[in-house]
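Have the sequence and the picture open while you read.

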Amino acid sequence: MVDASLRATILGSLQTLHRERGISIIYITHDLATAYQVADSIIVLYRASVAEAGDVERVVKQPLHPYTQLLIGSVPRVSIERNWAGEESTAQGEDHGHGCRFAPRCPVVMAQCRDAPPGLFLTEPRRAVACYRHAAAAPLPPGRLNQVLAVASDVANL
Ligand code: SF4
C-alpha cells in the first residue's frame, strides 16, 4: 500500500538481494501483479488452503483453479471495453463446512465438490491444483508441495 514509485524501489531492492546475495524471499501479498513481477514460484491460498501452486508464469498466465481465474480476472486493466469492477461475479452461497472451501463461490461447482475437499492434483511436473475438475491428473501426496515449487522440502512442507 505504497505509491507506485516507492513500490518499484522496494521490489527492485528485493530482486537485488535475491540476485546478488542469493537470499530466498517469501513474499506474501494480495497483489498478483507484483507477485508476478518478483516471484519464481507462487502458492495461491483460499481460506488458508492451497488452491493452486507452481511456476508463477504458468499460474498467472494460465490459471487452472476457478479462484485463481477470478483473482486474475479482477486485476484492473486499461481497456474501454472492460468493466473496471471486473467481468466476473460470484454467487455467495452457504458454506456447509465440508467439501471444497471455494464451492459456495465457485462458478463451476459440481455435486461432488460439496461432499469432500479436493486434494492437490499434479497437472504438470511443477504445477498442482486443488480442484475436482483436474482429478484426471495424478494426486500429489500430502506434504510434497516442495516438489511443485522446486524448493527444499523443509521450506514448503505443506
Ligand atoms: S473442486 Fe469444485 S467447487 Fe472447488 S474449485 Fe473445483 S470445481 Fe469449484
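Start with V44, which sits across from E52 in strand 2. Strands here are DSSP runs of E with at least two residues, numbered from the N terminus. This is a predicted model, where local features need pLDDT of at least 70, side-chain atom pairs count only at pLDDT 80 or more, and totals for chains, interfaces and linings use all residues. Residues are numbered from 1 along each chain as its sequence is written, and side-chain values use heavy atoms, with hydrogens and water left out.

Now zoom out to both strands. Strand 1 and strand 2 pair up antiparallel, over six bridges; to count as a pair, DSSP has to find at least two bridges between them.

Next comes the loop between strand 1 (41-46) and strand 2 (49-55), where you'll find R47. A48 is in that loop between strand 1 and strand 2 too. Most residues other than glycine have a negative phi. Here are the values for the loop pair:

| Residue | Phi | Relative accessibility |
|---|---|---|
| R47 | about 50° | 45%, partly exposed |
| A48 | about 65° | 73%, exposed |

So R47 counts as partly exposed because its relative accessibility is 45%. A48, at 73%, is exposed, and its phi is positive although A48 is not a glycine.

Definitions and conventions: Helices (H or I, at least four residues) and strands (E, at least two) are DSSP runs, numbered from the N terminus. Buried means under 20% relative accessible area, exposed over 50%, partly exposed in between (1.4 Å probe, protein chains only).
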